[in-house]
Amino acid sequence: MSWIEQLQQMDLLAQGGFVALSGLVIVFLVLGLFYATIKLIDRLGRPKDGSG
Amino acid sequence: MSDVFRELFSGIIYFGSANGLRTLVMFVIAGVLIYLAIAKDYEPALLLPIGFGAILANLPPTIEGVAAVIGQESSPGFLKVLFDAGIATELFPILIFIAVGAMIDFTPLLKNPFMIFFGAAAQFGIFITFLITLIIMPKLGIFSDEAMKIAAAVGIIGAADGPTTIYVANHFQLKDYMGPISVAAYSYMSLVPIIQPPVIRALTSRKERLIRMDYTDIKVSKSVRILFPIVITIIAGVVVPMSAPLVGSLMFGNLIRECGVLEKLSKSAQNELSSLVTILLGLTIGSTMVGEKFIQWNTALIMLLGLFAFIFDTAGGVLFAKFMNLFLKKKVNPMIGAAGISAFPMSARVVQRMAKAEDPTNFILMPAISANVAGQLGSIVAGGLMIQLVSMLIAR
């Protein structure tokens with residue numbers, strides 16, 4: 001493998017690492033946001049319906 | 001005269017060539033898929049049309065090396081028409097998601113929202129496989145943007161979510177890889193009862209598998225069930241815009257189900273729409289399995305990496321549950337984490353079956369279902385995110 005190809009591979013891995021790490025963190029954040037939303041709409045829905 | 005006969009029997013003569021041998025291999029592969037569908041009942045609604053589509057696409061060529069069902073740009077065959085209309089436009093996966101949304105009852109998740117985090121943890125395999133595929137690609141002479149695109153589509157196989165996998169692969173215009181990627185996604189979805197138990201057993205002790213989980217039947221108000229799909233669509237659309245088509249269609253289907261005034265539409269989405277699109281999607285995916293492109297080492301590699309993604313998704317969910325148990329007063333059964341993948345409701349059933357095998361009185365189906373529906377959300381968010389992040393890097 002030439003040094004240019006090695007550089008390309010290192011660059012690819014660095015970008016991939018960024019995607020993998022930020023991807024997993026953002027999935028947690030988005031689903032965490034969904035969690036907060038469910039809690040919120042559950043609280044909003046409760047007094048109106050008098051249930052749950 | 002001999003030319004006329006040669007023309008007339010060109011299909012039979014074709015089997016004497018190297019391409020003909022490839023065609024025979026594809027017929028065997030298609031036969032295996034059809035056998036698994038009929039004899040083993042593995043995702044029959046999909047594997048059977050995929051198998052039959054593969055037979056059609058590999059029939060001896062009539063025009064310029066292409067089967068009549070595929071045809072040319074100027075005169076496309078019916079499978080090419082379906083591909084261009086339903087896959088290239090991403091229409092079929094979107095329609096499937098409307099149907100799936102109408103089928104899914106999110107109430108178990110709304111009753112136990114904490115389970116949503118297992119739907120996030122079980123996406124771990126997607127990202128780790130993405131990274132591993134990126135390491136392998138340059139060794140196959142695939143660099144840069146192409147490697148990124150392939151790695152993204154291969155990683156998503158781990159979500160055990162066929163439509164999302166097709167959506168991502170198509171978004172990156174990986175037509176040549178569509179066959180193996182789709183077959184891997186749907187095969188592993190149907191093999192959940194075989195793949196998941198050994199992974200779960202390897203990562204948990206018997207004591208952990210015996211953990212009981214309380215279940216209180218809280219009533220979820222109708223207003224919450226209606227607000228949920230609307231608000232989730234808005235949040236997903238704002239935070240991860242590329243996930244909006246998937247989340248939006250899933251949530252639209254769910255709104256039809258929960259609103260209570262569109263009973264007929266809800267039933268149509270669950271039955272007629274789902275069946276019709278499944279048939280067309282399966283046939284069209286099968287048509288991408290043309291021997292010339294399918295019988296390659298890359299196909300075996302994609303299948304292997306897909307399996308790897310699937311195993312690591314399961315492991316990610318289980319390990320996350322074990323990690324949470326370090327802090328939780330009321331421990332969760334770590335097997336629940338494995339249900340955080342998208343294969344609904346099969347994964348939840350597998351987890352319940354395993355809990356019952358250890359202790360026949362242990363009932364963890366409801367928390368497992370909660371994690372499983374969370375996995376549906378997690379996988380489409382991960383799919384949208386993968387498109388967004390990779391597209392962003394490619395555009396630089």
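A quick word on terms: helices (H or I, at least four residues) and strands (E, at least two) are DSSP runs, numbered from the N terminus. Counted that way, chain B has 22 helices and 0 strands. Keep in mind that this is a predicted model, where local features need pLDDT of at least 70, side-chain atom pairs count only at pLDDT 80 or more, and totals for chains, interfaces and linings use all residues. Residues are numbered from 1 along each chain as its sequence is written, while chains are lettered from A and ligands numbered from 1 in the order in which they are written.

**Stop 1: the whole of chain B**

Select chain B and zoom out. Its C-alpha trace spans about 85 × 50 × 45 Å along the principal axes. The radius of gyration (taken over C-alpha atoms) is compared with a globule rule of 2.2 Å times the number of residues to the power 0.38. Chain B comes out at 22 Å, close to the 21 Å that the rule gives for 396 residues, so it is as compact as a globular protein of that length.

Now for two more terms. A residue is buried if 20 or more other C-beta atoms lie within 10 Å of its own, exposed if 12 or fewer, and partly exposed in between, with C-beta atoms placed from the backbone. Two residues are in contact if those C-beta atoms lie within 7 Å. In chain B, 55% of the 396 residues count as buried. Among its contacts between residues at least 6 apart in sequence, 74% join residues at least 24 apart.

**Stop 2: chain A and its partner**

Switch to chain A, which has 1 helix and 0 strands. Of its 52 residues, 27% are buried. How many residues of chain A are in contact with chain B? There are 32, and they meet 42 residues of chain B. For classes, Ala, Val, Leu, Ile, Met, Phe, Trp, Tyr, Cys and Pro count as nonpolar, Asp, Glu, Lys and Arg as charged, and the others, Gly among them, as polar. The chain A side of this contact has 15 nonpolar, 11 polar and 6 charged residues.

**Stop 3**

Back in chain B, select residues 175-190, which form α12(B). Axes here are lines fitted to C-alpha atoms, for helices over the stretch in contact, and angles run from 0 to 180 degrees between N-to-C directions. The contact is made by L46(B), L47(B) and I50(B) on α4(B), with V183(B), Y186(B) and S190(B) on α12(B). That makes 5 nonpolar, 1 polar and no charged residues.

**Stop 3: the core**

A nonpolar core is a set of buried Ala, Val, Leu, Ile, Met, Phe, Trp, Tyr and Cys residues joined through C-beta atoms within 7 Å. The largest one has 147 residues, and I181(B) and A152(B) are among those that touch the most other members. Helix α22(B), residues 365-395, gives this core its largest share, 15 residues. Click on A152(B): not counting residues up to four places away in sequence, A152(B) touches F130(B), V168(B), F172(B), M386(B) and V390(B).

Then try α16(B), residues 244-259: 13 of its 16 residues are buried, so it is largely enclosed by the rest of the structure. Just after α16(B), G260(B) takes a positive phi of about 85°.

**Stop 4: a few loops**

Start with A160(B), in the loop between α10 and α11 of chain B. A160(B) has a positive phi of about 55° although it is not a glycine. Q173(B), in the loop between α11 and α12 of chain B, also has a positive phi of about 55°. Which of the two is buried and which is exposed? A160(B) counts as buried, with 32 C-beta neighbours inside 10 Å, while Q173(B), with 11, counts as exposed.

Now pick N333(B), in the loop between α19 and α20 of chain B. N333(B) is buried, with 23 other C-beta atoms within 10 Å. Finish at P345(B), in the loop between α20 and α21 of chain B: a cis peptide bond joins F344(B) and P345(B), with omega about -5°.
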